[in-house]
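Please open the structure in a viewer and keep the sequence panel beside it.

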Amino acid sequence: MKLVSDPAIAKKISKMKQRVRWQDPLILERNIDQTRLEIEDGKAGDREFSFLVVGDSGSGKHRGHNPQRQVAELMFPHHQECRFLLHTGDVIYLVGSSEYYKPNFIEPYRELIVGGENPRQIAYDKMVFQLPILPVPGNHDYYELPTLLSLVSISTWPIRSLLRSRLDIDVGFHGSGTGDAYAKAFLDYQYLRQLPGEFSRHLDKYYTAKTDTGLGLAYQPGKFTRLPNRYYTFRYGDIDFFALDSNTFNDPEPLPATKKGDSDRNFLSQRREELEREKMQMIETSAKLNPDNPSEAERLDDIHSNVSQIEEIIVDIDKQLNKDSQPAQTDTEQLDWLKQRLIASWNNPQVRGRIIYFHHPPYVTEATKWLQSQTLVIRSRLRDVLDAVAQEIGDSNQGRPLVDLVLNGHAHCLEYLQTFNTGHGDRNMHWIVCGGSGYSLRRQRPEGADLIEDGQLIARSHLYVGRNGQGSHKHRPYSCLRIDVKGDEQPKFIVRPLVADWYQRQWHNSVLKPLVI
């Protein structure tokens, strides 16, 4: 029994294009760049500034504690000093449903939203942010409920077991609508503008920012805080930020029609069956636990973490099994856009740095993600882009990394890694996974901090903050980041990890030693 289903990539792309009226004639005639926004706060020219980062936050209350709210409170002292907040995806668990925006986003981040003093009165599709919140979609923001669950059938043993369980899996009566709830919450959802002349007036009012690629969307904190597209770019402090939707280029290639391919297919099928049995055993066990008993509540939290962990592994396996001999679906339009924009960024003398953020990490040592097919294919796709950029710009970067910093989520931890000579355009780059801001945390893989590829050391993890310890000494350190941008021509990034550790049923807040990049 699957708890979630992942729509096809082609469907995700077409639905999102429809919602923003991608390349509509009225947009084209105005020379509007639908991937560009400008934050109009009067400070975008400052070369020294700070911003916040969270990811994988969108869960409700755990048993007796609310990690996402605790992380939000960790950030409060920094709100006035930071210009915006980047979200690395998975805004709403478990299936990105509009039903859960109030408890899983609006309530925890109410101080950042206009009218937040009365959060229950804020509609999820009418949010306006005091502090700019700039997300990218995560996989859970696109997920749907399988038909069996959405019908809430109780005729089968797995469904009965799920309904008897004590797990807070944040599943309501419907899924995300292939990202529809995310689009209505954050994007400039043009498809809703049906009255004659309304669309034109809207474009003339809000797409007024003059950029080197056309008119961009004017993002006005406290007034109009929509994003132009599911992937987009903005410039702040002469640093180019690129926000990507990695859900549309994470499809693995089909297993080959060879003996090895057949062997791999059989192994994955058997592994999937084992995981399903293990998941159902956990759900059955949860039905016997008392959430009012503190020790059993902790155990329920662990089971919840393990069930979600297994479900994501099953989704990854299904991406490999449910494919014929056709090539993987890949969002070549977005990847080509990134290539061209990075080249233009390097050819612009005004730009002094580049940051990319998206959901699925290419490099990570979290136990369940480091060797997933999605991780490896994202790494390959990004390398292809960076290799093409490196070839085009020649020695313009003068030994600097092509991208100063890459921020990701998806892996439920906080991790800082550095690549070495990978033989590709992603060499000597800095990677931070910020995916531990509210949902169940994960452990680091037992294999350790070094990532090996074809017998060569390609990356090393320098910091890992995730679930650790056993029994009554188990730590659950949830996290977010404050990043201070310093320097002039070549920026320096001071990364301050903010940690809220749930240990022995109490919160222990701390600020870790800053990372200087």
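Begin by selecting strand β12: H430, I432 and C434 point one way from the strand, W431 and V433 point the other way, and all are buried. Here, buried means under 20% relative accessible area, exposed means over 50%, and partly exposed lies in between (1.4 Å probe, protein chains only). Helices (H or I, at least four residues) and strands (E, at least two) are DSSP runs, numbered from the N terminus.

Before moving on, note that this is a predicted model, in which local features need pLDDT of at least 70 and side-chain atom pairs count only at pLDDT 80 or more, while totals for chains, interfaces and linings use all residues. Residues are numbered from 1 along each chain as its sequence is written, and side-chain values use heavy atoms, with hydrogens and water left out.

**The partners of β12**

Two strands are said to pair if DSSP finds at least two bridges between them. Within this pairing, V406 has W431 as its bridge partner. In the loop between β11 and β12, select N428. Its phi is near 55 degrees, a positive value in a residue other than glycine, and N428 is partly exposed, with a relative accessible area of 39%.

**Helix α8**

Which residues of helix α8 (residues 198–206) are buried? They are F199, S200, H202, L203 and Y206. These residues lie on the same side of α8, because they cover an arc of only 160 degrees around the axis; the arc is that of the directions from the helix axis to the C-beta atoms. Turn to the face away from the buried side to find the exposed residues R201 and K205. The cover over the buried residues includes α2 (25–29), β1 (32–39) and β6 (214–219).

**The loop between β3 and α4**

Select D90, in the loop between β3 and α4. D90 is not a glycine, yet has a positive phi of about 60 degrees; at 0% relative accessibility, D90 counts as buried. The loop between β3 (85–87) and α4 (101–106) also holds L94, and the peptide bond from Y93 to L94 is cis, with omega near 0 degrees.

**D6**

Select D6, in the segment before α1 (9–19). Leaving aside neighbours within four places in sequence, D6 is in contact (heavy atoms within 4.5 Å) with K12, Y143 and K319. The C-alpha atoms of D6 and V95 are 9.4 Å apart, although 89 residues separate the two along the chain.

**The largest pocket**

The last stop is the largest pocket, with about 380 Å³ of space. Of the 16 residues that line this pocket, L268, I313, D316, L371 and Q372 are the closest to its centre. On a 1 Å grid over the protein atoms alone, a pocket is an open set of points where a 1.4 Å probe fits, with protein on both sides within 12 Å along at least five of seven lines; lining residues have an atom within 4 Å of a point. The volume is the space filled by probe spheres set on the points. Helices α9 (259–286), α10 (294–321) and α12 (373–393) each give two or more residues to the lining.
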